[in-house]
Structures are given as C-alpha cells and as structure tokens.
Amino acid sequence: MVFRRIYWVTEQLSADGASDVTGVYTSIPDLMENGMRWLESNPKRDGFRITLVKLDSGGAPLGVWSGPGYIGIEEDLAPYVATKEFGAQDVEALAAKLRSF
C-alpha cells in the first residue's frame, strides 16, 4: 500500500467568502468520484474550491483553485505529472469535470 503525502480538500463557499470543508480525498479519481458534489446539508452554495495540501506540512497549500474557471489548474499540476505523482489523463479529466461541475 502506498502512503499518500498529498491530499485534495474540497470546500463549499458562501458569498461572503466563508467556507466549510466538505471532504478530503487521496487521489484525482477519488476526488472526481466522491468529492465533486454539493453536500445537501450545507447551505453554502456560492462557490466550490479544491486545495492540494501536503500532509503534516503546516505550510502553504500546494495549490488552490476555485470555480467556475479553475484557472491554471493544468499548468499548476504539470510538475506533478512530470514526477508521475499524477497522470496527464487524470489531470485533464479533473480539469474538464471541474469546469462542467
């Protein structure tokens, strides 16, 4: 079993910028299958954000992207494709799904 060092965090946002974390996911397929949804019990529905974080780092996130455009996500994830942390097809699929979400 591979121990994951980076994770995806999803948040629902309100118009005033407040957010609630709605999930933590270990991979792009996991994020796409389980994380890209609105929690019915959460009234914050003005925006959706994903964040890539390193486990136990305490530092700045590795990346933060918000809808509806999720601008720059493919470019920002290119270094992770180069190191084979993520597959190129997974990144393309994620960007497309986010933009249609």
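Which residue in strand 3 is the bridge partner of Ile-6? Keep that in mind while reading; point 2 has the reply.

1. **What you are looking at.** This is a predicted model, in which local features need pLDDT of at least 70, side-chain atom pairs count only at pLDDT 80 or more, and totals for chains, interfaces and linings use all residues. Residues are numbered from 1 along each chain as its sequence is written, and side-chain values use heavy atoms, with hydrogens and water left out.

2. Start with the four strands, which form an open, antiparallel sheet in the order 2-1-3-4. Strands here are DSSP runs of E with at least two residues, helices are runs of H or I with at least four residues, and both are numbered from the N terminus. Two strands pair if DSSP finds at least two bridges between them. At the edges sit strand 2 (19-25) and strand 4 (63-66), each pairing on one side only. On average, neighbouring strands of this sheet are turned by 20° against each other, direction ignored. Eight bridges link strand 1 (residues 6-13) with strand 3 (residues 47-54) in the antiparallel sense. Here is the reply to the opening: Ile-6 has Lys-54 as its bridge partner in strand 3.

3. Strand 3 and strand 4 run antiparallel and are joined by four bridges; Arg-49, for example, has Ser-66 in strand 4 as its bridge partner. In a regular strand the side chains alternate between the two faces of the sheet. Buried means under 20% relative accessible area, exposed over 50%, and partly exposed in between, with a 1.4 Å probe and protein chains only.

4. **Helix 1 beside helix 3.** Now turn to the helices. The axes of helix 1 (residues 28-35) and helix 3 (residues 88-100) come within 9 Å and cross at roughly 25°, so helix 1 is roughly parallel to helix 3. (Axes are lines fitted to C-alpha atoms, for helices over the stretch in contact, and angles run from 0 to 180 degrees between N-to-C directions; under 35 degrees counts as roughly parallel, over 145 as roughly antiparallel, 65 to 115 as roughly perpendicular and the rest as oblique.) Helix 1 contributes Ile-28, Pro-29, Leu-31 and Met-32 to the contact, and helix 3 contributes Asp-90, Val-91, Ala-93, Leu-94 and Lys-97. Contact means heavy atoms within 4.5 Å.

5. **A closer look at Met-32.** Met-32 lies in helix 1 and counts as buried because its relative accessibility is 19%. Leaving out residues up to four places away in sequence, Met-32 touches Asp-90, Ala-93, Leu-94 and Lys-97. Met-32 and Lys-97 are 65 residues apart in sequence, yet their C-alpha atoms are 7.5 Å apart in space.

6. **Helix 2 beside helix 3.** The axes of helix 2 and helix 3 come within 10 Å and cross at roughly 160°, so helix 2 is roughly antiparallel to helix 3. Ile-73, Glu-74, Leu-77 and Val-81 of helix 2 meet Ala-88, Val-91, Leu-94, Ala-95, Leu-98 and Arg-99 of helix 3.

7. Glu-75 lies in helix 2 (residues 73-82) and counts as exposed because its relative accessibility is 55%.
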